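Here is a short briefing on one structure. Read it with the coordinates open.

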Amino acid sequence: MENWITDFMEQYGYFGIFLMIALENIFPPIPSEVVLPFGGFMTTNSDMNVIGVILAATAGSVVGAIVLFWIGLQLDVERLEKIIDKWGHILRVKKKDVHRADAWFDKYGIWTVFFCRMVPLLRSLISIPAGMSNMNFFKFVLFTTFGTLIWNIALVMLGASLGEAWPKINEYVGVYSSVIYAVLGAAAVVFIIWFIKKRQTKSTS
């Protein structure tokens with residue numbers, strides 16, 4: 001897949017970068033850690049420039065995020081409630097759990113979107129719960145753009161500075177991803193334990 005991505009980008013330039021990053025947001029198996037550094041490398045041996053690559057990548061990322069945001073809008077709280085009415089007794093989830101999660105996202109969702117745009121895989125998927133919570137569209141686009149811009153600038157600049165050694169960035173991003181996933185996994189375990197204990201306390205009181 002990596003060779004196909006780089007060949008496509010070489011052939012179509014800025015549009016190729018835009019399209020690859022848009023697809024990367026919708027289909028995470030297309031890795032931005034290949035597209036962005038290679039885009040940076042292309043500025044060293046073509047008439048493309050760093051600013052153009054960053055703008056094309058950011059535009060593609062925002063478009064892809066909006067598509068997933070729209071999908072999230074179709075899976076709003078009311079539809080989740082209908083699912084819980086039917087399957088909640090099996091999933092051990094109640095309507096108030098959904099409302100609590102929705103309220104949390106309403107309170108912290110903007111910053112969650114911003115920071116998750118700099119985490120591989122989550123940078124794409126975070127757009128769905130943002131849509132589900134009916135986040136203000138303007139704020140969603142604004143914080144998505146800011147978070148994406150930081151990620152894009154970092155990887156494109158690294159690709160431009162490393163030149164032909166740009167594939168090494170995959171190793172660094174892999175380590176970064178592993179650390180982030182480990183932290184998120186540990187946080188998820190702590191949250192689940194806290195949530196279970198809280199429900200047990202309420203049921204016995």
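Phe69 and Phe140 are both buried. In this predicted model, their rings form a stacked pair, 4.4 Å centre to centre with 25 degrees between the planes. Phe69 sits in helix 3 (residues 50-74) and Phe140 in helix 8, so the pair ties together parts 71 residues apart in sequence.

**Other aromatic pairs**
- The count of aromatic pairs comes to nine.
- One of them is Phe8 with Tyr12, a tilted pair at 4.7 Å centre to centre and 40 degrees between the planes.
- Phe8 and Tyr12 are four residues apart in helix 1 (residues 2-26), so about one helical turn separates them.
- Phe8 is buried at 16% relative accessible area, whereas Tyr12 is partly exposed at 41%.
- Trp111, Phe114, Phe115 and Phe143 are linked into a cluster by ring pairs.

**Helix 8**
- Helix 8 has 26 residues and spans 37 Å from first C-alpha to last, close to the expected 38 Å.
- Asn136 caps its N-terminal end, with a side-chain oxygen 3.1 Å from the backbone nitrogen of Phe138.
- Its buried residues include Phe140, Phe143, Gly147, Trp151 and Leu155.

**Thr148**
- Thr148 belongs to helix 8 (residues 137-162).
- Its relative accessibility is 0%, so Thr148 counts as buried.
- The Thr148 side chain reaches the backbone oxygen of Thr144 at 2.7 Å.
- Beyond its neighbours within four places in sequence, Thr148 contacts Thr58, Ser61, Arg117 and Arg123.

Notes: Residues are numbered from 1 along each chain as its sequence is written. This is a predicted model: local features need pLDDT of at least 70, side-chain atom pairs count only at pLDDT 80 or more; totals for chains, interfaces and linings use all residues. Side-chain values use heavy atoms; hydrogens and water are left out. Helices (H or I, at least four residues) and strands (E, at least two) are DSSP runs, numbered from the N terminus. Buried means under 20% relative accessible area, exposed over 50%, partly exposed in between (1.4 Å probe, protein chains only). A polar contact is a pair of N or O atoms within 3.5 Å; within protein, one must be able to donate a hydrogen and the other to accept it, and residues adjacent in sequence count only if both atoms are side-chain atoms. Contact means heavy atoms within 4.5 Å. The expected span of a helix is 1.5 Å times one less than its number of residues. Rings of Phe, Tyr and Trp (its six-membered ring) pair if their centres lie within 6.5 Å; planes under 30 degrees apart count as stacked, over 60 as edge-to-face and the rest as tilted.
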